[in-house]
Amino acid sequence: MSSDVINTKRAKSEAAGPYGKVGHALNELDDRLGVAKGGRTFMDKIFPDHWSFMLGEIALYSFMVLLATGIFLTLYYIPSTDLVTYHGSYLPLDGQRVTEAYASSVNLSFAVRAGLLMRQMHHWACDIFIGAIVVHMARVFFTGAFRKPRELNWTIGTTLLILGIVNGFLGYSLPDDLVSGTGIRIAYSIILSIPVVGSYLGFLVFGGNFPGTMVIPRFFILHVLIVPALILGLVGAHLFLLVRQKHTQFPGKGRTENNVVGTPMFPVFMAKTTGFLLVVAGVTALLGAFAQINPIWQFGPYEASRISYAVQPDWYMGFLDGALRIWPSWSFHSFGFTIPLEVTVPAVILPGILFNIAFVWPAFERKFTKDFAMHNLLDRPSNRPKRTAAGVAVLALLSTLFIASSTDVIANFFHLPLEEVLWGMRILVILSPFVAYPITWKICRELQAVEGGGKRKTTNVVTRTAEGEYVATAAPVYVDDAHSELEASEVPTFIVEEADEEGGAGTRTVDR
Amino acid sequence: MSEHDESRTPVALNGLAANDPHLQPAARNPQLVERVIALCFLAGIILVIGFGACYWVNAQPWTLGATMGGGLFFLGIGLVAWGKYLMPKGPFVEERHTLANSESDRDAFAAAIVERGGSVIKRRRMLGGLLGGGLGIFSVVAIFPLIRSLGPLPKATLFHTDWRPGTFAVDITGRRVRKGDLAVGSIVTVYPEGFQETDNGQAVDQTVLIRISNQDFTTQKGRETWGPAGYVAYSKLCTHLGCPVGLYEQQLQLLVCPCHQSMFNVTNGAVPNFGPAPRPLPQLPLYIDSDGYIRAQKDYGQPVGPGFWERS
């Protein structure tokens, strides 16, 4: 029986068939791997169209740019803290004793062709990567795309954000310049602040008291191998689940919980998404060409007793830095032990709480709304006022914390006393979620009212009758109306006569 | 429901006639769009060739980025437009298949695990316990290299520095600092002599030496002898997160940490009067020897830098 099948297939391939050489090659492949059926399904896979579905693609493609430029950088970077005398093409540093890590970073910027471009692209791609993840995550959150059956993919995505931030910090540390060295010092102190195990953890990670001897080699292998491998694996799982569970879509004409409406994988989606990859890479290269980022040769090499002024960390670290600035100096001492709450709370507990909220949100919402159904159609954010308000409240908190990371710059720029800026930021940070929540909730409710409660907007034809009365009737649905299947909104009555309850003259209410 | 334009109704991808409106391009004027896309691709090709040329002649870095970025951008925009305007416009529809299997399949799966597996394991509880114990012990033992070999144990490292009774204060070049070196209001970062030979000498032992006045200076009660000839010394590590307290505000007699703006008053024992730092900077007791060199009376007597659990 099976030999029969093989023979028929071989006979088919020998006859070349209607699909020529390509068909022949595909048949040979199918003989060995049996890919025809699955391949066809994959080519036919439908992707829904919406601009907001590109946000995750930006993250994916900037990650590819990170891999490509990162491979280039590893060819020239030397992860060593051995001291060498710099004699490179950047003359202001000539003759200085610097670490090999720093010297090689400066050298790959100036002495290697396209090296500076690759380094700047790498740094920009990282900022874009994490930014795109955050915006993508916000889209998924506000549209309810994380609901059953996609909770696992939400968890993977949140983990990817954490890994992205961690790897961004590790990479930022590698050039061993003055600014990154200060960042490592702060990270060490944050590890130290963890109760009970902090000092042990710090000594193990750094191979001793700060700065230790191991930090650059260890950060290097974590940055170029271990964390990227984790990210790559989780990105694969993220995409596999997306294909397996199919994409969500917004409600609209012909769209139901049980189908997907859009364009097919091949060739339409493939063309658009490949083009988008090239656009993301192109924009990153243009940024790398025209927007200077992290000029390590200006910062100089790291020396433990030197420090620069008004230098901000990469944007995704801003909220932590802001929290560290505005949290008061409440250290806890008792029974011969210290919990440095002034560090532990803003730098360990706060991010811990924020990320755990993200992890448990799908379960929390299921329990809270008693909604255990499968959801493939997305919510309009305004139709879920509480969820939307909660999301905006968290974003408001993160934004004000981010602004708080530049208290000194704000004070300088606006000529304000630092103390006033600090207290202002403290008040802003505490108030922001509590102000953002009710305002967002109210806006959502208002938007629901404007929409006519999920009804289709109609244009109305107003005619005047022979008696002089004006009558409005609904115009027919116009051809391309995506909402044509929704119920029409009400035709307005222009003048309503209402009897005054208190027995006065009749009032004329103009409706709309 | 009023009349529908059938071409906007989603259809299944397969089995459409060649002239079906769903398979037509979305563009109203495909010829024009094709020409625009061709121009994009041409621009992309020229720029990519330009990138090769710039690389070959080792041109300025910005030209490399401009040509490569512009080339990829134009090729990408053209390809996106091709997909969006010249390929079948759809919309197409695909049914979702329920991921969940039938009740009987689920039962069979659960039965395989619970009944077949469960019965075998339940019958041999002792074996299961031993195996689980063995693997559990191994997983604990496997952590040992992580907690023991990655680095030394802290022990007392965090509690002292390399300052000893009589240690000379030297500057970054290793030169000993003498009584006449600093004018009133000046500051210099000093280290214990021989700091270059220690792994973290500069990082942990760094100390700011400030000359506050010409007379012996007492910053706090009990520190009457610590500031000979107006020289006072504090640890340079901020007690918040360990950044070097690198800014000296001479008018206000403040040391300011540039990281998170903690401020320490140097005239009264470096007590923080602003910012998140919880403790004063530890003060190093100094004396001036008969040759005029500035030396430490003893170590700080408390851990320098940020807080940690074992610090009392």
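A residue counts as partly exposed when the number of other C-beta atoms within 10 Å of its own falls between the buried level of 20 or more and the exposed level of 12 or fewer. With that in hand, here are some close-up views of this predicted model.

View 1. Look in the loop between α10 and β4 of chain A to find A:K246. Its phi is near 60 degrees, a positive value in a residue that is not glycine. A:K246 has 19 C-beta neighbours inside 10 Å, so this residue counts as partly exposed.

**View 2. B:Q253, between two strands.** The loop between β6 (247-249) and β7 (254-256) of chain B holds B:Q253. Here too phi is positive, about 55 degrees, although B:Q253 is not a glycine. Because B:Q253 has 15 C-beta neighbours inside 10 Å, it counts as partly exposed.

View 3. Three strands make an open, antiparallel sheet in the order β1(A)-β4(A)-β1(B). β1 (46-47) of chain A and β1 (92-95) of chain B each have a single partner strand, so one side of each has no neighbour in the sheet. Four bridges link β4 (residues 259-264) of chain A to β1(B), and A:N259 has B:E95 as its bridge partner. Helix α11 (residues 265-290) of chain A packs on the sheet, where it touches β1 and β4 of chain A, and its direction makes about 70 degrees with that of β4(A).

**View 4. Two cis peptide bonds.** A:F210 and A:P211 are joined by a cis peptide bond, with omega about 0 degrees; A:P211 sits in the loop between α9 (198-206) and α10 (215-245) of chain A. In chain B, a cis bond joins B:G90 and B:P91, with omega about -5 degrees. B:P91 belongs to the loop between α2 (61-86) and β1 of chain B.

Definitions and conventions. Residues numbered from 1 in each chain as written. Chains lettered and ligands numbered in written order. Predicted model: local features only at pLDDT ≥ 70, side-chain atom pairs only at ≥ 80, totals over all residues. Pairing = 2+ DSSP bridges. Contact = placed C-beta atoms within 7 Å. Axes fitted to C-alpha atoms, helices over the stretch in contact; angles between N-to-C directions.
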